[in-house]
Amino acid sequence: MTKNVQWWQQEVGYQIYPASFKDSNQDGIGDINGIREKLSYLKELGIGFIWINPIYSSPFVDNGYDISDYQEILAKFGTMAEFDLLLTEAHQMGIRVIMDLVINHTSDQHKWFIESKKSVDNPFREYYLWADSTAESAPNEWQSIFGGSAWTRDEETDQSYLHVFAKEQPDLNWENPKVREELFTMIRWWLEKGIDGFRLDAISHIKKEDYAIPATANPFSPFQNVAGIGEYLTELKTIFDEYDIMTVGEASGVSAAEGPQWVGKAGYFDMIFEFDHISLWNHEEQGVLDVVKLKQALTEWQNSLAGKGWNALYMENHDVPRSVSAFGDDENYWLESAKALGMMYFFLQGTPFIYQGQEIGMTNMAFESIEQVDALDSRKLYQRLLQEGHTPAESLAIIRSTTRDNSRTPMQWTNEKFAGFSSEKPWLVVNPNKDIINVKAQSKEPNSLLSFYKKMIQLRKQHTALVTGQFKEYLPQHKQLFIYERAEASEQFLIMVNLTAENAAFDLTTEKLAEDWSVVLTNQLDEHRFDFIGEFAPYEARMYQRKSF
Ligand code: GLC
Ligand code: CA
């Protein structure tokens, strides 16, 4: 690899949702030892680092994003000793470990909040955001991201506390220097353990507007990327800079234009997860994918960070439905569309993240009733839909296409009863398509999605043009095809992907594009030589290579 390229730029990341990855002790819940068992699988796939969703002590109201002790491991996930083993073993295999850092809020069971709630003059009162309220009215109209008022009242002390998410997730008061000091001490403690970085949860929410300021058209504007947030982020960065680690911030509300400020040379983080392309998924009713909009969202980030910063590339995570169901076609073109979507994002400029199960094309789950759904935001939404007059069937249909539990069903390792995830009934229902979609079936099959992902990872490792090469888009207004080039002096790659279930004709003769391309990767069976004029089959995806001498 070229000099000056950081390890986290060269490697491919893999996100592990521990509760659903692998259950080692047959209690139906994935755990740390389960991750240890599967390290060799990740190694073989070609993964350079894993990001593990929260495994800290937690009442688990929001699946671990409500932390009651930052320096303890939740018993159902294992012990700190087991975590230490995981870290050592991963490092021995050349896999780095990124932890989730949830510092916008804690659990209401965290000792700080338990103290804080006791009285208005408790020393921990100022650790959270309390304001006067009456039984009739909250301090203001702000709405929480999970629905309902962002305030919950405490009768005893006649005040309410702010929570951007659930009421069991009170927001920390970042203006209080003591809070920052406590958090920074905890952060150093984890870094001293030798972990390789953090994914910073909900980090664009840590600064709040004055309570007198109402929301704009965006209901979350009073606590999303609020002016002045940079002061806190800079303090965090000062700590991160002392270690050879990678940081990736979850940054809703940060625009591509602001990207360089967040992840540029002097930016707060190495990368951020932007929300522009992923929010095209969040239609309550399943709409038709607007390919041009999707391309624009991705291209805008490519261009705004070109030469200035680095993108985090992703199509899935634990908060959104499965990409092959939402963006592809999991009925008629399951394999083709999963490969097409994979190729489309994997070779953009940035570090690709794979979410567990994405590499085998796991799909959304046809939940049979709301009782099968665990995610609290989805349960709340279901109630709201009923109140608004939707029938139970209509409401369930909306939940099915939007719930984040779609991506949280157990990882499908085999076609066994519980998909080889556990021998006991898992905490969340197993998708019945584990009979066809599973790791075991795909690992020996050269045309499988899993083999395709392995090839993509190898290609990215072998060619610097795919890491540091310049990005250039062709035919940006094409309504079906995403066509882009990654180029450096000696080598160029051309990626052409049809993102629709229809044939797609194209004419590249007007574009300034080189000749002599040869296919390196495709989801089709034939060779299909490069041509300036042609037609792609539904979800056809081709990657061409060209060498300059
Ligand atoms: C982030 C997490 C999500 C969680 C929320 C609150 O968006 O990804 O899973 O519910 O923060 O912590
Ligand atoms: Ca377990």
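User: How many helices and strands does the protein have?
Analyst: Helices (H or I, at least four residues) and strands (E, at least two) are DSSP runs, numbered from the N terminus. The protein has 16 helices and 20 strands. This is a predicted model: local features need pLDDT of at least 70, side-chain atom pairs count only at pLDDT 80 or more, and totals for chains, interfaces and linings use all residues. Residues are numbered from 1 along each chain as its sequence is written, chains are lettered from A and ligands numbered from 1 in the order written, and side-chain values use heavy atoms, without hydrogens and water.

User: Which protein donors does the calcium ion (ligand 2) have?
Analyst: Donors are N, O and S atoms within 2.8 Å of the metal (3.2 Å for Na, K and Ca); water is not among the atoms, so sites may look incomplete. Here they are Asp-23 (OD), Asn-25 (OD1), Asp-27 (OD), Ile-29 (O) and Asp-31 (OD), 2.2 to 2.4 Å from the ion. Their spacing along the chain is D-x1-N-x1-D-x1-I-x1-D.

User: Are Ile-29 and Asp-31 buried or exposed?
Analyst: Buried means under 20% relative accessible area, exposed over 50%, partly exposed in between (1.4 Å probe, protein chains only). Ile-29 is buried at 16%. Asp-31 is buried too, at 3%. Of the protein's 549 residues, 61% count as buried.

User: What share of contacts joins residues 24 or more positions apart?
Analyst: Contact means heavy atoms within 4.5 Å. Among contacts with a separation of 6 or more, such pairs account for 70%.

User: What box do the C-alpha atoms fill?
Analyst: Taken along the principal axes, roughly 75 × 50 × 50 Å.
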